[in-house]
Amino acid sequence: MGADSTVILDETGVKRALTRIAHEVLEKNKGVGDLVLVGIRTGGVHLARELARRLEEIEGEKVPVGSVDITLYRDDIKGTGVHRPVGKTDIPFSIEGARLVLVDDVLYTGRSIRAAMDAIMDHGRPSCIQLAVLVDRGHRELPIRADFVGRNVPTSTREKIVVNFDEADNPTDVVLQK
């Protein structure tokens, strides 16, 4: 980590934030009935799996976890001539009528979330979509807000928030890069 980087959540802090989010999700949804988690590739997928583990520890019931790739739905790369590799959307369960929690690592402009909602709607119509993010850094360009936030970190547009993961895809820390 460089001199222009600050750890804003260490591994313990990340675990606490995810545990708090899990409890908030359970409280808002009155348990895990009809609940599914869908993570946005890639960091959101790892966090969705971790959140599902916490929900299972608390409730004793597994929560289905899927992943969504938003590459083809992004509005900020169309027409740029840059071809980004397309990942895999994997939602191996029905989302029709489900209470879907969309999970991402960092909420910034809201454009990734909009793209993810478009992609999800191509797979069915959940009864509701809720948003859980580990870090909300502000600077919204679209009217999108998270229902569940691990940490609010006001940033400048020049700064960057990075969520780091270990080899097993477990979140290790969150770093603010200046």
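Predicted model: local features only at pLDDT ≥ 70, side-chain atom pairs only at ≥ 80, totals over all residues.
Residues are numbered from 1 along each chain as its sequence is written, and side-chain values use heavy atoms, leaving out hydrogens and water.

**Exercise 1.** Find out why strand 4 counts as largely enclosed by the rest of the structure.

*Solution.* Start with the run itself: strands are DSSP runs (E, at least two residues) and helices likewise (H or I, at least four), numbered from the N terminus. Next, apply the burial cut-offs: buried is under 20% relative accessible area, exposed over 50%, partly exposed in between (1.4 Å probe, protein chains only). Eight of the nine residues in strand 4 (residues 99–107) are buried, so the strand is largely enclosed.

**Exercise 2.** Work out which strands pair with strand 4.

*Solution.* Pairing requires that DSSP finds at least two bridges between two strands. On one side, look at strand 2 (residues 35–40), which runs parallel to strand 4 over five bridges; here leucine 37 has valine 101 as its bridge partner. Then turn to strand 5 (residues 128–136), parallel to strand 4 over eight bridges, with arginine 99 opposite cysteine 128.

**Exercise 3.** Locate the charge that lies over the face of tyrosine 108.

*Solution.* The test asks for NZ of Lys or CZ of Arg within 6 Å of the ring centre and within 35 degrees of the ring normal.
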